[in-house]
Amino acid sequence: MDCATHWMNPGMITESRSSACLEVNGLCITYPGAGGPIEVVRDARFSLAEARCLGIVGESGSGKSQSCLSVMGLLPRHAHVTGSIRFRGHELLGNAAPRMQEFRGRDIAMIFQDSMSSLTPHLRVGTQLCEVLQRHFPLARAEAQERAARMLERVGIDQVGQRLRQFPHQLSGGMRQRVMIAMACLCRPGLLLADEPTTALDAAVQAQVLDLLRSLRAEFGMAVVLVTHDLSLLLDMADCIAVMYAGRIVEMAGARELYGQPAHPYTAGLLACVPRGTGVAAARFPTIPGQPPAPGAVLPGCEFAPRCPRARARCQQFRPVLMPCGEGRQVACHFPHA
């Protein structure tokens with residue numbers, strides 16, 4: 001199967017370590033809370049091959065960004081993380097900060113949601129780009145600035161000399177996002193984590209940013225994890241898609257298979273919410289009724305059952321586990337395809 005990921009069952013990794021760029025096995029992320037521990041990611045398992053793209057989709061609070069931050073080692077100190085995260089065979093969890101700094105930026109890079117808050121406001125764009133290069137390579141300032149300028153040109157920014165001297169607030173939102181992409185790709189990392197890279201951008205700029213990520217992935221041979229709440233962005237970008245709900249992966253499948261026939265009712269609900277067409281009929285968008293469970297809430301059965309049109313007594317009593325459901329697909333649902 002031509003797929004970015006090979007699904008993991010507990011205790012079994014179905015892709016050899018030599019061909020896997022990223023392996024996540026049994027990832028759990030917990031924060032202390034007044035009423036007890038709050039688990040925000042629960043037993044996430046997937047494997048991403050070199051130069052492929054995995055899309056992670058779900059509503060706000062489903063655990064998408066937390067999963068990416070755990071790969072980067074950027075979770076706050078009071079977060080308790082268990083499981084395994086391996087990058088090209090190297091275990092990342094439990095590494096000391098200096099060791100993670102060797103990977104971060106050079107081998108693994110991340111594009112954050114908000115480009116304005118992610119760029120340091122009081123430093124010029126050129127200074128921030130050169131800092132990334134000089135942190136990982138023995139480059140003189142002039143050579144680092146030359147490489148930074150070439151990368152800005154590569155991501156479609158004009159008047160490069162002027163842009164390098166400007167501060168982030170002097171750039172448009174789309175231009176700041178391109179700077180973030182350039183910064184992430186400067187060292188040509190093997191893995192790029194893109195967390196909502198098109199947030200707050202208009203549709204035309206969104207398309208440009210996705211086209212840019214697609215071409216850079218092909219040019220540099222990067223594996224990409226693309227996080228979004230909009231399934232429509234993933235159809236032409238992702239090889240495979242993981243759907244997260246309430247901290248759990250509830251469905252994993254190839255992009256075309258998932259779009260063509262979603263198995264989990266939550267996936268079907270997300271697809272139904274994708275805008276289609278124009279005019280009066282499209283003015284009222286469909287929604288998934290109800291709200292996700294509060295962080296830390298522990299339900300005896302399926303977390304999606306209170307919102308699910310297929311829910312039956314079994315769903316209220318027993319939590320489904322991620323199981324194979326046809327070739328190349330896994331679903332956590334008692335009644336898939338119902």
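The legends below describe close-up views of a predicted model.

Residues are numbered from 1 along each chain as its sequence is written, and side-chain values use heavy atoms, with hydrogens and water left out. Local features need pLDDT of at least 70 and side-chain atom pairs count only at pLDDT 80 or more, whereas totals for chains, interfaces and linings use all residues.

**View A. Helix α1 and the residue that follows.** Among the buried residues are K64, C68 and M72. Just after α1, G73 takes a positive phi of about 70 degrees.

View B. E251 belongs to strand β10, residues 248-254, and is buried, with a relative accessible area of 0%. A polar atom of the E251 side chain lies 3.0 Å from the backbone nitrogen of A263. Leaving aside neighbours within four places in sequence, E251 is in contact (heavy atoms within 4.5 Å) with residues including H264, R329 and Q330.

**View C. The aromatic cluster of Y245, Y266 and F304.** These three residues form one aromatic cluster, in which rings of Phe, Tyr and Trp (its six-membered ring) pair if their centres lie within 6.5 Å, planes under 30 degrees apart counting as stacked, over 60 as edge-to-face and the rest as tilted. Y245 and F304 are edge-to-face, at 5.2 Å centre to centre and 85 degrees between the planes. Y245 lies in strand β9 and F304 in the loop between α10 and α11, so the pair ties together parts that are 59 residues apart in sequence.

Key: Buried < 20%, exposed > 50% of the residue type's maximum accessible area, 1.4 Å probe, protein only. Helix = DSSP H or I, 4+ residues; strand = E, 2+ residues; numbered from the N terminus. Polar contact = N/O pair within 3.5 Å; in protein donor to acceptor, adjacent residues only side chain to side chain.
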